[in-house]
Amino acid sequence: MNAKNFKVIKGGISATFTAKERTFVSAYATDTRLMGVVAICIHWKLKNDSQVVDFYQFFYYDAEDYGLDTYKSFIGNDDDELESIERTLIGGLGATKIQLTEDEVRFLINHFAKTNYRLNQPLPEGKKQYVFLFDQDAFSPFSRKMQKDILAKLCTPIKSKYQLANYFLMRAFAHDWEMINLLAADTVDMRGFLGIAPSTLFRNTIEDFNTDGRSTMLCESLIECDNAYRIVVSDLEISDNLEVTSCVKMTSFAISDYEASMILSKPEYVIAYDIMELEPFLADQLEGDFDFYFHKVVADCLATEHPHGRMFLRFNSDNRHVDKKEYRLNDDVFATYYVSDDAQLIITAYTEESLTFLEHELHGTPTGLFLLFLSKYKLKQSISYQFIQSDFCDFEDFIASLNIDFDDDGNKEY
């Protein structure tokens, strides 16, 4: 296949490679379409008169708000650089990589770009590098059924009625009718959801009922749109072959921000450390400082900047939290690390066992040498984000302001 000259990125530095041939090697997409996002990687071989190089293209697709939202590229075979790009795009998705043919990945890029046009969103920067993928002929090799089958490949396998109910409502509140068509029978009437603005499902609880031999699920969903919260109660019927066959929206009413926060609140287990400077004789035996070793610990985490520090989100390795009678959007987070401007490390987990695991893991690395234990807390409700968003830089001062007492086990409980 002929290729034009285009600019690629090598180790973050612009470099022009004149390619006379472009050969497809492989491609994959994440099986996360039911979560509303997909990451894609395409691997090419580029050839000119003197050399052959590897060229990687990465795309991130947001089905609800942006369409094709992010594009990154890399030329070469630096495994660390490739892993870094992958972590940035798919580290928090809990995804399995689904292998694609060249025709399949070309179809998906063209199909996803239609979302940009529908939402009036620009395509991501770097279009000159990937414009060759856009071609109406990308749809021609596939019938409508085959196109539907390709999209189905990007969906994690449905294994239970609870998993199906949660994914179905997640996509229904997002007005993601493409996925509803995969999850529900053609006869399901979705008009009850059209009166609700596209929303995010924060929590869903399921109660099973069996009336006159008819098994149904009563679902109570907490949704959010433009910082306003609602409770929506719906009744679902799911067949034995895991297809939604009936959906009735029963009631819908607004609730306050405070009511929503109480519903979403859950216990936290927190440990606080001071980050210390090492004695010179010990520091001289190490390769680097705290940041050097800590960034190895959080290499697979999503980093976010805050006014008084930096937070690292550690996600679960899969999306099993969707397969529960109570689904919570933030249950995909395993733990958070927060490094404050006052040189403190605050680790938050959501079970005592998880926090113990994180402690042992941390102290099994040189990072533990820099840490001075301050306190451990068992908190009845979520307050770590309150601290991050507050004017406090010292976690102990923040806790003191809440008048937390010790419980019978010697843990500080709030």
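## Aromatic pairs

A search of the whole structure, which is a predicted model, finds 25 aromatic pairs. Rings of Phe, Tyr and Trp (its six-membered ring) pair if their centres lie within 6.5 Å; planes under 30 degrees apart count as stacked, over 60 as edge-to-face and the rest as tilted. One of the pairs joins Phe-59 and Tyr-130: the ring centres are 5.4 Å apart and the planes stand at 80°, so this pair is edge-to-face. Phe-59 belongs to strand S5 (residues 52-62) and Tyr-130 to helix H3 (residues 127-130), so the pair ties together parts that are 71 residues apart in sequence. Phe-59 is buried at 1% relative accessibility, and Tyr-130 is buried at 0%; buried means under 20% relative accessible area, exposed over 50%, and partly exposed in between (1.4 Å probe, protein chains only).

Phe-387 and Phe-395 also form an edge-to-face pair, with 4.9 Å from centre to centre and 80° between the planes. Both Phe-387 and Phe-395 are buried. A cluster linked by ring pairs holds Phe-290, Phe-292, Tyr-293, Phe-294, Phe-312, Tyr-337 and Phe-370.

## Cysteines

The whole structure contains 0 disulfides, a disulfide being a pair of cysteine sulfur atoms within 2.5 Å. For Cys-41, the nearest cysteine sulfur is that of Cys-155, 20 Å away. Cys-41 is buried, with a relative accessible area of 6%.

Cys-225 is likewise in no disulfide, and the nearest cysteine sulfur, that of Cys-247, is 18 Å away. Cys-225 is partly exposed, at a relative accessible area of 21%.

## Overall architecture

The protein has 13 helices and 20 strands; helices (H or I, at least four residues) and strands (E, at least two) are DSSP runs, numbered from the N terminus. Along the principal axes, the C-alpha atoms fill a box of roughly 70 × 70 × 35 Å. Of the 414 residues, 48% count as buried. Among contacts (heavy atoms within 4.5 Å) with a separation of 6 or more, 60% are between residues 24 or more positions apart.

## Surface and charge

The protein exposes about 21,100 Å², of which carbon and sulfur atoms supply 49%; accessible areas come from the Shrake-Rupley method with a 1.4 Å probe. The mean positions of its 40 positive and 67 negative charges lie 9 Å apart. Lys and Arg count as positive and Asp and Glu as negative, while His and the chain ends are not counted.

## Basis of the values

Residues are numbered from 1 along each chain as its sequence is written, and side-chain values use heavy atoms, with hydrogens and water left out. In this predicted model, local features need pLDDT of at least 70 and side-chain atom pairs count only at pLDDT 80 or more, whereas totals for chains, interfaces and linings use all residues.

Note on methods
Charge placed at Lys NZ, Arg CZ, Asp CG, Glu CD.
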